[in-house]
Amino acid sequence: MHSITLIPGDGIGPSIVDAAIKVIAAAGVEIAWDRQLAGMAAVEKHANPLPDATLESIRNNRLCFKGPLTTPVGGGYRSVNVTLRQAFNLYANVRPVISFEGTDTMYDNVNLVTIRENTEGLYAGIEHFIKVDAEKIAAESIAVITKVGSERIIRYAFEYARKAQRKKVTLVHKANILKCTSGLFLEIGREIAKEYPDIEFDDKIVDATCMHMVMKPQSFDVIVTTNLFGDILSDLAAGLIGGLGLTAGANIGTDAALFEAVHGSAPDIADKGIANPTAMILAGAMMMEHIGELAAARRIEQAVREVIREGKYVTPDLNPESTCGTAQMAEAICAKIG
Ligand code: NAD
């Protein structure tokens with residue numbers, strides 16, 4: 001029996017998390033879910049977006065399955081997602097993006113993984129205002145790229161490529177302009193690449209990468225990059241296969257691992273019962289793989305792909321004429337698992 005911290009999340013979170021739990025149970029994996037609050041739900045109940053009990057639970061279980069959390073824009077509290085990444089050293093954000101049969105997208109043969117450094121760069125949280133005089137105020141944000149952090153994520157990407165039998169790692173940077181931060185990341189990447197002669201290595205500037213990903217996404221295999229570029233590129237990659245509703249992400253760290261859908265709490269469709277549970281269910285499959293339940297992971301993934309390919313029990317984001325909701329799509333996936 002695996003013990004896992006469960007955070008249902010905000011907005012559409014509880015409904016898609018519920019769907020994913022049912023699918024994991026249908027795959028026959030027994031899990032003791034330790035339900036905890038975070039985000040708006042925790043603010044409402046405990047006046048704290050990240051209660052100590054939640055942190056303690058993750059510390060004990062070292063595994064967390066998390067629905068999306070609402071983060072106030074501008075003021076309010078700091079992103080709980082960013083705090084969790086830093087608290088548990090969740091340094092590698094891994095997002096596989098593989099085309100689904102049966103979706104209406106520009107490409108049908110995308111198969112890439114973005115691996116984003118999750119704790120450093122411009123998201124290190126070192127931001128402040130500078131008062132120059134009464135009139136002028138500047139805002140400053142500091143990007144921190146460390147040698148240790150870069151080595152860790154780049155090595156992770158190569159090890160991942162080897163294990164997943166992928167052929168190429170592309171390091172994405174902006175070292176032509178950001179000569180120190182991106183420059184260091186690239187320099188370390190070139191060194192580490194020499195230790196993996198079996199994996200092809202190249203590097204690309206981030207703006208050119210965007211163009212190439214849109215024009216020829218099939219030319220990418222594993223992408224490794226710094227925090228901000230990774231955030232943007234991984235959403236771009238999700239768009240190539242049909243959007244955020246289909247993409248799952250793992251946050252792997254030294255102290256814990258956290259699995260989630262890559263999309264947010266979707267306040268525009270919360271309480272309508274129509275959120276696509278795919279991303280959350282696939283996050284569950286990634287978690288099953290992480291804990292060694294490989295057969296269950298494969299069965300879940302195959303069932304999801306089959307239901308989407310058939311197109312009958314899919315949510316309206318995949319088929320605008322569909323009247324199928326979150327729970328019904330999850331039931332169809334459970335039925336395929338058998
Ligand atoms: P969002 O991902 O919540 O929504 C963007 C669009 O995609 C919306 O139109 C939404 O309806 C649609 N969408 C998202 N998930 C869907 C699904 N499963 N099925 C069908 N449609 C789906 O992004 P947003 O509106 O920019 O953010 C809303 C809130 O979520 C914000 O507070 C933001 O900070 C937070 N957020 C949290 C996470 C996280 O917890 N990991 C990630 C991103 C955003």
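Residues are numbered from 1 along each chain as its sequence is written. In this predicted model, local features need pLDDT of at least 70 and side-chain atom pairs count only at pLDDT 80 or more, while totals for chains, interfaces and linings use all residues.

User: What is the radius of gyration of the protein chain?
Analyst: The radius is taken over C-alpha atoms, and the globule rule is 2.2 Å times the number of residues to the power 0.38. For 338 residues a compact globule would come near 20 Å, and the chain agrees, with 20 Å.

User: Which strands stand at the edges of the sheet?
Analyst: Helices (H or I, at least four residues) and strands (E, at least two) are DSSP runs numbered from the N terminus, and two strands pair if DSSP finds at least two bridges between them. The open sheet of 10 strands has mixed pairing and the order β2-β1-β3-β12-β11-β4-β5-β10-β8-β9. Each edge strand has a single partner, so one side is left without a neighbour in the sheet; these are β2 (31–35) and β9 (200–205).

User: In which sense do β3 and β12 pair?
Analyst: Leu 63 stands opposite Ala 257 in β12. Strand β3 (residues 63–66) and strand β12 (residues 257–261) share four bridges, and the sense is parallel.

User: Which helix gives the most to the side of domain 1 that touches domain 2?
Analyst: The bounds, from an automatic or database domain assignment, are 1–91 + 245–338 for domain 1 and 106–241 for domain 2. With contact meaning C-beta atoms, placed from the backbone, within 7 Å, 10 residues of domain 1 are in contact with 11 residues of domain 2. Three residues on the domain 1 side come from the helix that gives the most, α4 (residues 80–87).

Key
Two residues are in contact if their C-beta atoms, placed from the backbone, lie within 7 Å.
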